[in-house]
Every structure is written in structure tokens, then in C-alpha cells.
Amino acid sequence: MGGRGSTYNHSSGSEGQPYRGKFVTGSGHAGIDQLARNAGFSKVIVSEEYAKRLDSDKHAPQLLGAMLYNISKVERIFHVLQDNKTELVIAPARRKTTIASMRVDNSRMQITSQMTSKDIINATRDGIKEKWFSKSGSTSKVNQVIAHVPLHEYGHSVANQFHKRTGKDLTRAVRKELGYNKKLPNVSTYGERSSHEWLAETFAQAFGTGGQQSEATRALKKVLREQGGYNV
Ligand SMILES: [Zn+2]
């Protein structure tokens, strides 16, 4: 992947379990563990390498806290983490540019990367400004900038749960709602990678605090409400 704005990416599948080092249970920061439980995670698993960073990188606890806070807001609506007993894994990703990932079976969300917390925030902000990512929040507020990452991953979880509930593919259901003949509306450059990334990017825009609603976000919400039974 190249070009401006391609500073980082989300991924799913095998990236969910890339780290081969040692892990500890709990972050060592009571506030973060509590936020993770509030958000609905069953367990926090932290690489020893990242546990050290939580002490040395002063922005790291703040960044994680903001991510977890944003997850807890959508979890109140969808309850996908509790239903699936999702573990939160905090560890460097295998690839330099990966910031977060979600396992296809929802059993694990991994957040954080090889980047420093400050670089993650800046990369996300630049990504939103350059339309690499959808506009899920204000680029002048750190809490809203960083909401993009967890909201995007959470969007994948909601799609996974929707499939479990209804037997339907959420992306396909939204596409049907929009009209099969039409090309998927552009939501972000990253969303053009695949229809599943399009869905996650649309989800981030639909449920972010600064996201402008569009034809796509309205169609997504309508499908979630009418076919998934979600209160959105
Ligand atoms: Zn994704």
C-alpha cells in the first residue's frame, strides 16, 4: 500500500494473533482494566513489551483509555463483545502499519501497533484529513480522532454478529438497501479495499460523534434496525 495517507491500516483475520512474545493478564493500570471491563471485554491481555511502554510512553494510557471509552459507547447499543466474550489483546502488531485488528469470530480485538501513541494519533488524524479514512469525528479533538480505530474494528464485530443473528451478510444487505445496480458510495479510500472494509468505514462514520450522515450510513442504520433488531 502506498501514497499519502496510507500511514496505517486496519486488518482482520490472521493479524489478530500476530505477536509471539510473552503476555501478561491485565494492563497493570487499574483505570485501563476497569475501562476495558466497562466496555465489555472479558479479559485484558498485554504483551510484556507493551506493558513496559504503558509506563514509559506517557501518552499510551491516555490513548488506550480514549479507545476503550469510545468502544464502551457503541457496546451499550450492540453488546457484541459481551455476547462473544471478546478478549482485548494489547500488543505490537506484526506489520508496522497495522494499528488494530478484529478476529473474524469476534473472540479477540487487538489494538495498538509498533508506533508510539503520538504517531498513532497523528497518523489517524492525517488519514481522516486525507480521506484515507472516513470522517468519524472532529480532527481537532484527540478523543474523536482516535475513536476511528475502535469504531472501525467494532464495525467488523457488528457485521460478524449480524451474520450470526440473521444468517445474512451485512454488507450485502446494505448494498441491497442502496440498490444492487449502484456502485457502493465512496466513504474513504481505505473502504475501497473490500466491501467489508467499506462496511467498517461506513460504521465508523455512522456511529462516530462527528460523522456526517450520508446515504450509506442511513442505509446501514436502517438495515441494522429493521433486519438486525438493533436499537439504532
Ligand atoms: Zn477493517
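## Basis of the model

In this predicted model, local features need pLDDT of at least 70, side-chain atom pairs count only at pLDDT 80 or more, and totals for chains, interfaces and linings use all residues. Residues are numbered from 1 along each chain as its sequence is written.

## Helix H9

Helices are DSSP runs (H or I, at least four residues), numbered from the N terminus. Helix H9 has 12 residues, 215–226, and should span 16 Å at 1.5 Å a residue, which agrees with the 16 Å between its end C-alpha atoms. The expected span is 1.5 Å times one less than the number of residues.

A residue is buried if 20 or more other C-beta atoms, placed from the backbone, lie within 10 Å of its own, exposed if 12 or fewer, and partly exposed in between. Ala216, Thr217, Ala219, Leu220, Val223 and Leu224 of H9 are buried. Seen down the axis of H9, the buried residues fall within an arc of 160° (taken from the directions from the helix axis to the C-beta atoms), so they line one face of the helix. Glu215, Arg225 and Glu226 are exposed on the other side of H9.

## Helices H3 and H6

The axes of H3 (residues 60–78) and H6 (residues 142–166), lines fitted to C-alpha atoms over the stretch in contact, come within 8 Å and cross at roughly 45°.

## His196

His196 is found in helix H8. With 17 other C-beta atoms within 10 Å, His196 is partly exposed. The C-alpha atoms of His196 and Leu170 are separated by 8.9 Å, although these residues are 26 apart along the chain.

How values were computed. Helices (H or I, at least four residues) and strands (E, at least two) are DSSP runs, numbered from the N terminus. Axes are lines fitted to C-alpha atoms, for helices over the stretch in contact, and angles run from 0 to 180 degrees between N-to-C directions.
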